[in-house]
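Here's a quick briefing to read alongside the model. Have the viewer open and follow the residue numbers as you go.

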Amino acid sequence: MRASRLLSVLLLLQTRGRMTAQQLADELEVSVRTVYRDMESLAAAGVPLYGDPGHDGGYRLVDGYRTRLTGLTREEAEALSLAGLPGPAADLGFGTVLATAQLKLMAALPDELRDRTDDIRQRFHLDTSGWYAETDPIPHLAAVTDAVWRQHRIRVRYRRWKAPQEVTRTLEPYGLVLKSGRWYLVAGRPEPVRTYRVSQILRIQVLQDHFERPPGFDLAAHWHSYLADFDARRHQGDAVVRLSPQILKQLPDLMEPAVARAARDSAGPPGPDGRVQVVIPTESVEHAVGMLLRLGAEAEVVAPTELRAQMAQTIATLADTYRHPPTPV
């Protein structure tokens, strides 16, 4: 365990440069005192480490030093065999590069690990696209990717859901995120960082203006925070609903995870008719009506009153429509 941690310290310093004891402790999930002991052990083993004191100090390796510890364990080789996503890599223009890198990796592995990773690839396939959704056309993804790499501002004509639907924005592209088969651009304007769906970019011009990324900006951390905030903003209310036992079991297949999870966690004891009362989050009355109509007669809205009334009105209109023969074309 300790040997693996010491190797991790070396690789972190080699790839990231100067790091403080606290940063290393956070990364390795150990105490700062443990980091100090590890540094003493590495120095005693002859690793050329320097510790710079002060607020901007930290540990670093002597310039030019590279560790030769490149062996892979069986578990690491298996994990790397699942790391490649050919579709997204091709979207970004890295399809050929990825294939070449995988060939080099396979060639460098011992026979046992090479056979093992080949078996893994034959048994597991990663598909990031969602069900029942066509792939978005993304003609401007290559230009966006280039701007992200070179840190050049872009001017885009963008289609959004609210009026005016088409707007022009000058953006600082910080990174790209693939979510459920769709590409999203995280960018500043340089107002607060926002998210843009790449397929909704109608036109793009990569400018010559260079920008600097915000110090310490972490794309993954920002994305997780964005998703949490997105859910908090869109779920503005709650609905009390009585569900049949059958539909309660099917809810994970019919509703988004947040709704199914809330129903499961809030479910009360069955009533005389076997139905269970639950509380689920809603975005708006209009959205909730469409969502709950999918459950048919297996669900009854109890509250709020406005939602129950809107459900009754919609169902009455549907009943009136289907009560009469269809209108001839």
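Pro164 sits in the loop between strand 3 and strand 4, and the peptide bond that joins Ala163 to Pro164 is cis, with omega at about -15°. Bear in mind that this is a predicted model. The notes below start with the backbone and then move on to the pocket, the surface and the salt bridges.

- Most peptide bonds are trans, and most residues other than glycine have a negative phi.
- Another cis bond runs from Ala303 to Pro304, with omega near 5°.
- To find Pro304, look in the loop between strand 10 (299-303) and helix 13.
- Glu29 isn't a glycine, yet its phi is positive, at about 60°.
- You'll find Glu29 in the loop that runs between helix 2 (21-28) and helix 3.

**The largest pocket**
- The largest pocket has a volume of about 1800 Å³.
- Its lining takes in 37 residues, and the ones closest to the centre are Tyr184, Thr195, Arg197, Tyr226 and Phe230.
- Which elements give two or more residues to that lining? They are strand 3 (152-159), strand 4 (166-179), strand 5 (182-188), strand 6 (194-197), helix 9 (219-234) and helix 11 (257-266).
- Helix 9 supplies the largest share of the lining, with 10 residues.
- By residue class, the lining splits into 15 nonpolar, 15 charged and 7 polar residues.
- Why does the largest pocket lie between domain 3 and domain 4? Because domain 3 (151-232) and domain 4 (237-323) both give residues to its lining.

**A nonpolar patch on the surface**
- Leu293, Ile315, Leu318 and Tyr322 make up a nonpolar surface patch, and together they have about 410 Å² of accessible area.
- Helix 13 (residues 305-323) gives the most to this patch, namely 3 residues.
- Leu293, for its part, belongs to helix 12 (residues 285-293).

**Salt bridges**
- Side chains of opposite charge can pair when their charged atoms come close.
- Searching the whole structure turns up 10 salt bridges.
- One of them brings together the side chains of Asp38 and Arg5, at 2.6 Å from N to O.
- That pair links distant parts of the chain, 33 residues apart: Arg5 is in helix 1 (residues 2-16), while Asp38 is in helix 3 (residues 32-44).

Methods:
Residues are numbered from 1 along each chain as its sequence is written. This is a predicted model: local features need pLDDT of at least 70, side-chain atom pairs count only at pLDDT 80 or more; totals for chains, interfaces and linings use all residues. Side-chain values use heavy atoms; hydrogens and water are left out. On a 1 Å grid over the protein atoms alone, a cavity is a set of points where a 1.4 Å probe fits but cannot get out, and a pocket is an open set with protein on both sides within 12 Å along at least five of seven lines; lining residues have an atom within 4 Å of a point. Grid points are joined across faces, edges and corners, and a volume is the space filled by probe spheres set on the points. Helices (H or I, at least four residues) and strands (E, at least two) are DSSP runs, numbered from the N terminus. Ala, Val, Leu, Ile, Met, Phe, Trp, Tyr, Cys and Pro count as nonpolar, Asp, Glu, Lys and Arg as charged, and the others, Gly among them, as polar. Domain bounds come from an automatic or database domain assignment. Patches are made of residues with over 30% relative accessible area and no salt bridge: like charges are joined within 9 Å, nonpolar side chains (Val, Leu, Ile, Met, Phe, Trp, Tyr) within 5 Å. Accessible areas come from the Shrake-Rupley method with a 1.4 Å probe; for residues, only the protein chains shown count as cover. A salt bridge is a side-chain nitrogen of Lys or Arg within 4 Å of a carboxyl oxygen of Asp or Glu.
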